Amino acid sequence: MSATLGKPIKHDSGHLHVTGHARYTDDLPEPKNTLYAAIGLSPHAHANILSINLERVRQAEGVVAVITAADIPGVNHLGGPAQDEPVFATSSVGYIGQSIFAVAATSMGAARRAVRLADIEYEVLPHNLDIRSAVAQASFVLPTKTLSRGKPTQAIEHAPHQLSGQFELGGQDQFYLEGMIAFAQPREQGDMLIYNSTQHPHHDQIVVAAVLNRMQKDIVIECRRMGGGFGGKESQASLFAAIAALLADKTQRPVKLRLDRDEDMTITGKRHCFDIRYQVGFDQHGMIQGVKLDYASRCGISADLSGPVNDRTMFHADNAYYLEHIDIISYRAKTHSQSNTAFRGFGGPQGMMAIEYVLDDIARHLQLDPLAVRRINFYARAEDVHHLHPEQSPTNSASAKQRSTTPYGMPVTDNIIQRIVDELEISADYQQRRAAIIEFNRHNRYQKRGIALTPVKFGISFTATFFNQAGALIHIYNDGSVQLNHGGLEMGQGLYTKVAQVVAEELQIDLKQIRCTATRTDKVPNASATAASSGSDLNGMAALDAARKLRQRLSDFAADTYATRRDAITFKNGEVIVGDKARLRFAELVHAAWLNRVSLSATGFYKTPKIHYDPATMTGRPFYYFAYGAAVSEVIIDTLTGENKLLRTDILHDVGQSLNPALDIGQIEGGFIQGAGWLTTEALVWNEAGKLMTHAPSTYKIPVAGDIPPEFNVKLLENNINPEHTIYRSKAVGEPPLMLAMSVFFALRDAVASVADYRLNPRLHAPATPEAILNALTALSPQNSTSSQDAPTA
Amino acid sequence: MELFDLSGQLVQQAQDAPASRQTFTFMLDGELITPPPLPPDTTLLHFLREHLERKGTKEGCAEGDCGACTVVVADLHHTELRYRAVNACIQFLPTLDGKVLYTVESLQNGHSLHPVQQAMLDCHASQCGFCTPGFVMSLFALYKTQPAANRQQISTALAGNLCRCTGYRPILDAGQRMYEYAAALPSAALTDINAPRGSKPEPHALVNQLQALQNEQPSLALDYQGQRFFAPSSLDELATLYQQHPDATLLAGGTDVGLWVTKQLRYLPTLIYLGKVSELDYIRIDTDKTQLEIGAQVTLEDGYHALLKHYPELQELHQRFASPPIRNAGTLVGNIANGSPIGDSMPALIALGSSIVLRSGEQQRTLALEDFYLDYQQKDLRPAEFVVAVHIPLPQAGQTLRCRKISKRFEQDISALCAAFRLTLDTNHCVREIRICFGGMAAVPKRATAAENSLRGQPWNRVQIEQAMQALAQDFTPLSDMRASAAYRMQVAQNLLLQFFEQQADLSSSLPPTDFKQERPA
C-alpha cells in the first residue's frame, strides 16, 4: 500500500496559501532601484498611425524610459509561424488595447499616469468584430480547414428526418485572479532573469531572446506559481515578459510590469466565440445519418493559438458520438479585437456544444428523451471493440469497428461513456426527476424547470505532436533530502504535489523530504507549455524517469557495497532493505553513496508514445487516450425575467486511477463551475466602437459561491484504470470537467422548451443570461412561434 | 430634532477649533502604526504591500469587486467592538485612524494556524491560492461576528470573494468546519484573535485602547504637498469645512471615490471624510413614530438591517446589494447622494416616499428623494450642500411593497434594472395609491408616472395591469449597454409589473412569494 499515491494529499502550498505567505511574482522582494512599467494602448479598433509624439510622456514626473518599436534591438514580433503579432504597433493598430509604446517610471502610479499623455495621431479606419461578416469578406487569420468522412450530403438527403439550425456561442475571459505580471532583472553581460506569471516559460524565453537580439542561453524565465492561468498565460504572457525585458535592458535596472485588471482584460485574448450552423439527417430513433457542422470563430487580430484551438474544435465535433457521414468546416475569422487564445478546453468545448445542440434539437423534433437520443449515437463500447479486435486494431468487418473510428481516423478503443452514463442516470435519479419536472412545469405558469444529462469525451495530448515531451531534474543531497524540478508550471491544479507524490513513491520517501523548486528555464530546457491537461502525464513521467535513474544508481551502489544482487534490494517507507544483509535509512544510503562518489543528480525525460498526426490531412492518432465524464444538471427559470438558478448537479468523472482524489475532485468541481460561468453569466460585450465593455469584475460576472448548486454530488468513476500506460494509470483532469457544464446549458434549454410543451426548439444562445433566456422564451410564445427557427437575435 | 438645532455656540466652536492633528494611528498586531506623510488617497492595500511589506493581501481588481484584498477592520461602534471585512484596495489609509486592522498575517499564532486557516487547509479550499487570503479574512470576519453560521449564511458572507479555481464547495465546507475547530479549542487556548464571537468576553484592553485612539483630538487634517484630507469630528465642523472647501470631495465609505483614484487616476485635491462625525451615525424613529431616520454615516449593512426590521420585503435587495465588504464600508446615504441611475437603494426608497435632509452651512432643507435627481449625474445640490440623512416612512396598514433586482448574476452584480412597487388597495379592490419606481431605465432613478396614473383609482385586475404595462413604454426610453439591451429592460420592466400583480395576493397576506433562491431540486 502506497503512502502517498492515490491519497488526498494536501496541495504542497496549501499552508502558504492560507497564511498569506505564498509568494507570487508581485510579492518577490524588489531591488531598490526597481522601475515600474505601463503600456500605451490603442484607443481605436482599426486605424493607421499617422504620428507618435511621446514628448509629454517623457517629460512626465518619474518617467525614466519610454520605448517604441524603434527601440527594439531584435525582432518586433512575438514569434509563432505567422509572426503577425508585433510587440509594439508601428503603422497601424488592429484592436482597442493593442500596445504601441511602454514607459518605465519610478512608481507604478507615475508610469500609469504618464502613458495617458501620449499624443498619437490616427486615421481611423472601418472595423469589424462580426464573425460572419469577416467570413463573408474572407478576412481570416489562418486558412479555412475542412474534415470530411463518408457522403454527408447524400446521407442527410436520404435520412427520414432533416433539421438545420444556427446558434451563437460566446467567449470567456480566463479571469485568473492574479493578473499578468513580469519582473525583469538584468544581470551581467546581457544576461536577463525574468520572473513571469506564465504557463510557458520556454516560449517566453524564445520571444525575449528574439526581441532582445540575444540567444536563449542569455535568458532565464522563472515561475514558482501563478495565481491561475486557465490557458490565458500559455502564449500571451510573453508580450509582458518582452516589454519588461526591453525596458530593463534599456535602463539596466529591474523593471516590473504588472497590469491593472482592466488593462489585462482589454489587452489579452479570451476563449474564442463562435457562430455555429448545422444540417443533420437522422432516423426515427434519432440516430444521426449525416451531419454538416460549420464552425466560424472570432480569432481577433492575429493567429496566436487560433490554429490549434480551432483544430481541437474540429476534433471534438464528435464528442462521444459516432458520426459516420460528416462534414466539418472551420473558419478562423480575423476581427479587430483581442487575439483570442487558449482557455481550458482549447476549442474542444465549442466543438462539443455544436453536436450537443444538434442532438438536443433532434430529440425535441422526435419527441424523445434527449438522453435516449444521445445514447443511441454513442461510440461502440470499449469491450465490444476489444471483443472483436483484441489486438485493438480495427478491421473493416464488424459493426463495432464501424462505430469506433473518429472523423479524423483514430480508433476509439477506450470508450466507457455508456458505463458512466448508466451509473449516473441511476445515481442522479434522472428519469424520476425528469418526470417530476415535466409535471412541475404543467402546474407552474411562470417558473419552469429543466434537466439535462450530457457526456464528455476529451482527447488527451497536444495535437502538435512535438509538444508531447517533458523533462525533469532531481537532486538528492547528502542528507537524504530531495529537490525536485520539472518543466511544468503550478497554477493551482496541484501539479507540484502530484509530481512530488510520484517521486516520493518511487524513492519510497516522505513527501516532507522533497522540495519542489520553482520552474526555471535554466533547470529544465525546452519545456512545453503546461497546458492541454498534460501537466501530470508528461512531468510525472519525466520525474519518474529521473527518480528511477537515481534509485537504480543507489541500488547498484548498495548491491556492490553489500555484495548482493540488485533485485534483492527494496526501497520501502524511507528505508532501503538490502536483502537480508542490511537495512538502512534512505538518508544513510544516500550519504554513503555520496562518500563513494555516486552521482546523486539526474535528469528525466518522457515523450508520449503511440501518437502521430498529419496536419495536412488532419488524420492520425493525435491523442494518446480519451478522458470521459458525464453530468446531470437541474435548473429553474423565471419566464417573466429569464432569471435562472442551478439547483442540482451530479457528476461522474473518469480520472483513471487517481493520483490524488482531493486534487482531482478540485479540478472537476472547479472546471464545472467555470464552465457553468461560461455558459450562463459570463457575457463579453463589445460596444459599437469595438471596445470591450466588460473588462473588470464589476461588469464581467464569473460565478460566486452562491451560484453553485445547493446539491452538488461529484464522484470519481471507481474501479477504473487508464488502459494506456500513463503515470500510475491515471488520467488527465485539467480540462475535461469544464465541458460537464454543458448539462447546465441544456437543462436551461429544456426549461425554456417547456413553455411550448417541448414541441419547438428554442433558439437559446450562449451564454444563457437572463436576457438570452427571455429572448428564447419570447421567440417561442404563440405569436412568435412560427418564426422560432429563424427569429432575429438580439 | 435638537441635532439640527444649530446654535451659534456650536458653530463658534468649529471656527475656533484648536490646531488640527497631522498624523493618525491605527493598530496592527498589537502595535500602533503611525504612517509617514503620504498622499491621503494612498490605499490601504498599497500601504500594506509597499510600506509594511505585508504581501499576503493581494490586488485582484483594485475596484472592490474580487475580494482578494479583503482585510478586517475593528472599531468601537456605539461602544461595542465591531469587526468588518472591507476591501483594502479602495480604502484610503487615513480612514483607518483610530481603528484596529487585521490582515491574513495577523491570524497565525506562532506555528499554529487559526481555526479559519486550518479549516481552509484541511478542506482543500485553495488551489492557485491567490484569492485565499481574502477568503480567509471574510471567513474571519464571519467568525468574529456570528457564533455559528449555516451554509447559506457562509455563502452570503463570501459573496464579495471571487475564486476561479475551486468552484467554492470546499470553501463553504471550510466555513462550517472553522466553527467545529473553534468549538474544540480549550478555553485556555482562546485568544482575542481565535475566539469566535460570543465565546469569550470582549477584550477589555483592546476596547480601552480603541477608546483612547478614537477619542484622539483634535480633528485630523492632513496636508501632503497641497493634497488635503480633513476628518471633522462634528456636524458643524463638517458644514464649515465644506463651505471653506466647496470643491472638496466628500468621502464616506469610499466605495465609489476609491475607484476614481485606482481606475481613473484622478487627483483629488481635497477630501473631507465623514467617518468621524458621530452625529451622522444614527438610526432612529422620529418622535411621531412615522418615519425611520438614517444618518449619513450609517453603513449600507446597518442601514439595510434597520430597513429590514420594518420592511422584511427588502431581504432580497439587501442580500444582492453589492457584497458584504462593500456594504460594510459604503453608506446608505452615500448610495443616495452618489445618485447613480443604477443605484439599488433608490427605487425602493422612492417608492416608499422617502425624503432626504440636506445641509449647507447653517441652512437645512428637506427634499423628496425623487426630486433630488435632476438628470444624469445632476442633483439638486447647492454649493457646499451635503446629505445629512434619509427619512423613510414607516409601513402603513394595507400597503404592499415589492422590490425586484434583475442582473446577470444573482449576487454582487449591478442591476440591469431594479423595480420597486408600493400599493394600497381600497375596500373595493381598487388602487388607492401606487408608487412605481425603476432604476436602470432612465438617466436617474425615476417613477413610472404614466403607469401609476393608469392604475390609480382603477380596479386591481389583469386588464388594468396590461394597460399599465403599455404605459411603461411612455415612461421610459431605456438604453442598451453591457448589462442589458433596451428591449430587454423594457420587456422585463413590464413583466415585473405583471409579476407584482400575480404575487400581490400572496404578498398582502404576508406569505412570502416563492423565493427563487430557496428552490430545491425535484
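## Helix packing in chain B

The crossing of α3(B) and α4(B) is right-handed (left-handed if the near helix is turned anticlockwise from the far one by less than a right angle, right-handed if clockwise). Helices are DSSP runs (H or I, at least four residues), numbered from the N terminus. The contact is made by B:V116, B:Q117 and B:M120 of α3(B) with B:T132, B:F135, B:V136, B:L139, B:F140 and B:Y143 of α4(B); residues are in contact if their C-beta atoms, placed from the backbone, lie within 7 Å. Seven of these residues are nonpolar, two are polar and none is charged (Ala, Val, Leu, Ile, Met, Phe, Trp, Tyr, Cys and Pro count as nonpolar, Asp, Glu, Lys and Arg as charged, the others, Gly among them, as polar).

## Basis of the model

This is a predicted model, in which local features need pLDDT of at least 70 and side-chain atom pairs count only at pLDDT 80 or more, while totals for chains, interfaces and linings use all residues. Residues are numbered from 1 along each chain as its sequence is written, with chains lettered from A and ligands numbered from 1 in the order in which they are written.

## Contact between the chains

In chain B, 68 residues are in contact with 76 residues of chain A. The largest share of the chain B side, nine residues, comes from α18(B). By class, this side has 34 nonpolar, 19 polar and 15 charged residues.

## Residue B:G167

B:G167 lies in the loop between α5 (151–157) and α6 (169–184) of chain B. Leaving aside neighbours within four places in sequence, B:G167 is in contact with A:E669, A:G670, A:F672, A:I673 and A:I708.

Note on methods
Helix = DSSP H or I, 4+ residues; strand = E, 2+ residues; numbered from the N terminus. Contact = placed C-beta atoms within 7 Å.
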